[in-house]
Amino acid sequence: MANYIPYLLLTVISIGVLLWIFISTKDLSYLVYYFLIAGLAYVFEYIILILMNSYTYKPHLVSIGVYDSILGDLSSQAFSVPAAAILVTVYQVRLKGVLPLVILFMGIEKLFLYLNIYDHNWWRTYYTGIFLFLTFFLSKWFYRMIIKVTLLRFVALFFSLIFFLSNGLFLLFLVMPEVHFEVGWFENSYRDNIAFSTLLIIGESLLLTLALYIRRYSVIGILFLFTLVHYYFVQVRVFHVSNEYVYLILIGLTVSSYFFILWGNDIWIKKQMKM
């Protein structure tokens, strides 16, 4: 059996659960909340997977090891974990329901280890259980608080934007491997690329979210700023691009991400008005 098959099955099941929830509830706030959870999971994985090298996913989809591991990680952190958290939130699953769900995920992790399509470096399966329990337990509370507290809505949009931008940029790296950052933090140049580019994304996400709450047209200034930043990094040989069209792609990604959080903010405001 090909390594990617279990990852594919997990992804398909998770997407099915998400679609079922979104269609049955007809509540777009759960869709926006999905992006928040996926964004939080991305930041967690950035620390644990990229910076601390906790484990390795092996779906064998691409030849670049770091990128292959990230693709495997997306099956879990972009789909299955957010899908389970949304399920717990929508149906207000109690402790006796959360525990079997956590045990299920730990069992899946053990199965992936047995199939040799996933390796632990220093991570342990019970760590997964602890963090998932906290995630599922807090997801119900945080959803209610976002609706009530404007500041938390800002936080929600910030993490949603990190997920949106990071995956857009990662897709660019996959399609155009010659486009990358190189700062010398890690011996592996691809790990180096993801480590540095994610920090830039976090900074860009913060500025774009601030622009939404300060002056909406200030996004033009942020676009100009990040275009200059990217150009500077090219000049000092930190950012390597194949052609000038990469700048247009990055500008397009930033503009689309801003409209994305405008949409998300509007959904949260409408949800707040209904409460």
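**View 1. Aromatic pairs in the predicted model.** The structure holds 36 aromatic pairs, a pair being two rings of Phe, Tyr or Trp (its six-membered ring) with centres within 6.5 Å. Tyr 30 and Tyr 143 form a stacked pair, with 5.0 Å centre to centre and 20° between the planes; planes under 30 degrees apart count as stacked, over 60 as edge-to-face and the rest as tilted. Tyr 30 belongs to helix α2 (residues 28–51) and Tyr 143 to helix α5 (residues 125–148), 113 residues apart. Tyr 30 is buried at a relative accessible area of 11%, and Tyr 143 is buried at 7% (buried: under 20% relative accessible area, 1.4 Å probe, protein chains only).

**View 2. The pair of Tyr 67 and Phe 170.** The ring centres of Tyr 67 and Phe 170 lie 5.5 Å apart with planes at 90°, so the pair is edge-to-face. Tyr 67 is in helix α3 and Phe 170 in helix α6 (residues 150–175), so the pair ties together parts 103 residues apart in sequence. Both Tyr 67 and Phe 170 are buried.

**View 3. The contact of helices α3 and α7.** Val 66, Tyr 67 and Ile 70 of α3 meet Tyr 190, Arg 191, Asn 193 and Ile 194 of α7, contact meaning heavy atoms within 4.5 Å. The contact residues divide into five nonpolar, one polar and one charged.

**Notes.** Residues are numbered from 1 along each chain as its sequence is written, and side-chain values use heavy atoms, without hydrogens and water. In this predicted model, local features need pLDDT of at least 70 and side-chain atom pairs count only at pLDDT 80 or more, whereas totals for chains, interfaces and linings use all residues.

Key
Helices (H or I, at least four residues) and strands (E, at least two) are DSSP runs, numbered from the N terminus. Ala, Val, Leu, Ile, Met, Phe, Trp, Tyr, Cys and Pro count as nonpolar, Asp, Glu, Lys and Arg as charged, and the others, Gly among them, as polar. Buried means under 20% relative accessible area, exposed over 50%, partly exposed in between (1.4 Å probe, protein chains only).
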